[in-house]
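Here is a short briefing on charged side-chain pairs. Look at the structure first, then read the points below.

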Amino acid sequence: QLVETERERADALLLAKDSAEASAKLAKRQQKLMASIAVSESMDDLFDKLMLHLHREWGFDLIQFQQVDWEEGVLSSKFFRSITPVDPADVKAVFNDVPLKDELSAAVSVAIKGKRFYADSRKTSNLDKASDIDRKAVETLNIKENLFLPIISQEQCHWVIQLGVTQKKLNLSRSSLNEVSLFVSQLASQILLVNRKTELESLRYEQARQIELIRQISQASSLDEILDLLCSELFRLGGIDGVLTNLFDVDEKALVCEKLQFNFDQDAVELAYHRFKFPIAETCVNGYAFSNRCSLLVDKRSIELFEEKSQKRFQRWNMNHLVVMPLLFSGIDHPSGTMMVFTRTGTLGADLLKRIDDLLVIFSEPIRNIINFETLKRKEAVLDRAVDTRRRFLEFTQNISEISSTETFYQQIINQVLEWFGFDIAFIMLESQGNLAMTYCDTKNNKLQTLSDSIQHYYENVDYPAKLIAGAAGVAYANNKSIYF
């Protein structure tokens, strides 16, 4: 009996020694991992390393990282990793942002209570008690065991890590669960450090992009160029399939499409809709947003509230979600136009709509300035043309006043009409004894000279009454009004 006791004691000491050595080796590996995590280039890099360590040490083959936003009241899914391939569509379907309400999911409960939660989903009782969100994740990804752990810093939960098993059941002991919990709790400062580093790098990158974008905007010399920039930035946001920019035309009393771009093959549509006129009636989606000075979000059901043309366009372009936003510029009471942004798959969520609105804030003043500049340029061009026309007319009247030959006089008039107005043939008829007599006919196109001579010959040999019944020339003469057809 004494011998057996000594053997048991020796075995116990050996077991304790092995356990101590195993713990020391685990601690050494974890220290090495911590050092590697501290120099991670990004959160993606961090979770790649973390996934491999958790799989090697305890057998987990799935990890999801969720960030707690207490101000917005939401638990946001940020990163997902799996040792075995998983369909991205399945991940997207089961891991979404969740409101911070205890009963919605185990992860939310862990975030609120700050305590870990371990569940064997193969036990019917556990699956029956699971929320719809958790049950869907378990069934879609075939998760056999789930361990949810809070990452706490300064007495508040900032993240929740979900560790899952999909291949074989681990049956983790309490001591193993404690090891995993301790390891994850030690990650808090490292994750905070890498996350902050990533955020700062992202902020610097965005600031650099903003500076470059503002530089490009400031160098844009035309409305077309600046709208191209806006479209490029909108498509860069992701989830957008088409953009149309429509400006209000006072003369046309319509919203005229100045720019449209699609990220799918629709060259014919782009050609057809450039300078297309949308009515400002409230039955049209553009007209409604324009008249009411408000953004309009339209889906497959609400489009039925608008005119048939809007409905057919929505269906023909295979839209799923459409937002129409009025272009409102500071200092102007009424909108200057509308912008249509649509997606063919998914929806235009609140976050994407805010980012679109933020872009419009950056572009609104430059667009307004370039519209004003181009309007001034058009007015200046009209004035220049008017001055030039007046100058040429005065030169013309001066020239013909010095002409003594009647034929040369008529020839000068015909030549000037053909030059100014772009007609191919012109002729003059004068009233004589109740008829309109052919006086002079000419063309500046050598290929039409025969036709011009034929017209002159015809009218020289017929009586053409200066009356309404005679024809177009008779109507113009009798009514003293021009006729154009």
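Lys312 is partly exposed, with a relative accessible area of 44%. (Buried means under 20% relative accessible area, exposed over 50%, and partly exposed in between, using a 1.4 Å probe and protein chains only.) The model is predicted: local features need pLDDT of at least 70, side-chain atom pairs count only at pLDDT 80 or more, and totals for chains, interfaces and linings use all residues. Residues are numbered from 1 along each chain as its sequence is written, and side-chain values use heavy atoms, leaving out hydrogens and water.

**Helix H12**
- Lys312 forms a salt bridge with Glu308 (3.1 Å, N to O). A salt bridge is a side-chain nitrogen of Lys or Arg within 4 Å of a carboxyl oxygen of Asp or Glu.
- Both residues sit in helix H12 (residues 308-316), four residues apart, about one turn of the helix. Helices (H or I, at least four residues) are DSSP runs, numbered from the N terminus.
- Glu308 is exposed, at 52% relative accessibility.

- The structure holds 12 salt bridges.

**Helix H8**
- Arg215 and Glu212 pair in a salt bridge (2.6 Å, N to O).
- They lie three residues apart in helix H8 (residues 188-219), so about one helical turn separates them.
- Arg215 is partly exposed at 37%, and Glu212 is partly exposed at 33%.

**Helix H6**
- A salt bridge links Arg135 and Asp132 (3.0 Å, N to O).
- Helix H6 (residues 132-141) holds both, three residues apart.
- Arg135 is partly exposed at 23%, whereas Asp132 is exposed at 62%.

Methods. Helices (H or I, at least four residues) and strands (E, at least two) are DSSP runs, numbered from the N terminus.
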